[in-house]
Amino acid sequence: MEQAPADRERLPQPAPLEPLGRRAAGLESVAGAEAERARDEGPGDGMMTENNFWLKKIEISVSEAEKRTGRNAMNMQETYTAYLIETRSVEHIDGQSVLTDSLWRRYSEFELLRNYLLVYYPHIVVPPLPEKRAEFVWHKLSADNMDPDFVERRRIGLENFLLRVASHPILCRDKIFYLFLTQEGNWKETVNETGFQLKADSRLKALNATFRVKNPDKRFTELKHYSDELQSVISHLLRVRARVADRLYGVYKVHGNYGRVFSEWSAIEKEMGDGLQSAGHHMDVYASSIDDILEDEEHYADQLKEYLFYAEALRAVCRKHELTQYDLEMAAQDLASKKQQCEELATGTVRTFSLKGMTTKLFGQETPEQREARIKVLEEQINEGEQQLKSKNLEGREFVKNAWADIERFKEQKNRDLKEALISYAIMQISMCKKGIQVWTNAKECFSKM
């Protein structure tokens, strides 16, 4: 079955962008007009229009990370990292360039933004955030979330998240996202005023729907299984890569022993001394090169981790579909029950056991007036139930249409990104091997000159 899309009347829509470098004047009133127009047009049709792809007009970057100390909600001192978001217009006003706007955000604010997007756009594969704490690390890599190298990689991941959202044909139009980039003060209050937490589905309800839905959509079932398998495959790949990194680091560093031995040997040789000393130098360079190599590898690992977390985003769409399917089936079941009750009252026959039937047998039949009144109430409830069922069916079909369109968009993105990442990783490995060959070629020439 299909899932109902988020209520369009409730979805916040984006304000048209003011040129960056000056704060938007009258933002709320302008945003309201844009929201009204967006409601008339629908949540977005995937077309790269001037309205929804304003990434073409703005450059977004997370340019800096800063360690800070402050008080949390419990009034306890804590250390955290803040990230500087810079937005700059790529257009010009009156032939002059526009200054860059900037503001600071914590990781928890990025989480709040994504949670909001998950609730208001359940049919969309919402881009994931980078990991909060390091996973799949090899022994020399720090698992501390305040480690400078980890913070730098997370900065890159947060920038990638913003660019993913800004390039999405629907998410980029959201007003809350726009305010995330431009309104530093009271942004959290603005998000909370949307009441998105109240609209979030409980985990218990989602689990209940998973096990009790009777007619699941085969496409979403297969997609859910695929997301589980994708997560498993990428997890295994990252674990293998971490083990390889450990052993590779050891192999490279052991080459430093060659350098030390050759240097010591050169001290006791006259004719062979220079050659041994030069060969030792090449071995030292080779041993020290592994640090940069593995640092570059971490960036490729982060690209894989993004799709590891995308697997959960796919499952979120599937869970929402199961919830809507379950609600539809419950509405259909309730409607069928009321129709049966109405028929039994009209004919005077009881097909199934019920407390009401036992009461009737014990205390006598209802009067005709009472029966007619009950039939009238049931007919009204049946009419309402039929309208509700019809509405849920229409919403479900709309959800599947929108969800599947976004899933197809995601598949194209995934295939393109992972292909490029794996090719680049292979090229890096080839380059690393060539450098190793060159080191031993240089050592061979040193030995030949002795």
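Let us start with Phe410, which is buried, with a relative accessible area of 1% (buried is under 20%, exposed over 50% and partly exposed in between, with a 1.4 Å probe and protein chains only). This is a predicted model, where local features need pLDDT of at least 70, side-chain atom pairs count only at pLDDT 80 or more, and totals for chains, interfaces and linings use all residues. Residues are numbered from 1 along each chain as its sequence is written, and side-chain values use heavy atoms, leaving out hydrogens and water.

**Exercise 1.** Classify the aromatic pair of Tyr307 and Phe410.

*Solution.* 
- Step 1: rings of Phe, Tyr and Trp (its six-membered ring) pair if their centres lie within 6.5 Å; planes under 30 degrees apart are stacked, over 60 edge-to-face, the rest tilted.
- Step 2: here the centres are 6.0 Å apart and the planes make 35°, giving a tilted pair.
- Step 3: Tyr307 is also buried, at 1% relative accessible area.

**Exercise 2.** Work out the geometry of the pair Phe262 and Phe447.

*Solution.* 
- Step 1: the ring centres lie 5.6 Å apart with planes at 75°, so the pair is edge-to-face.
- Step 2: Phe262 sits in helix H8 and Phe447 in helix H12 (residues 368–448), so the pair ties together parts 185 residues apart in sequence (helices are DSSP runs of H or I, at least four residues, and strands runs of E, at least two, numbered from the N terminus).
- Step 3: Phe262 is buried at 11% relative accessible area, whereas Phe447 is partly exposed at 30%.
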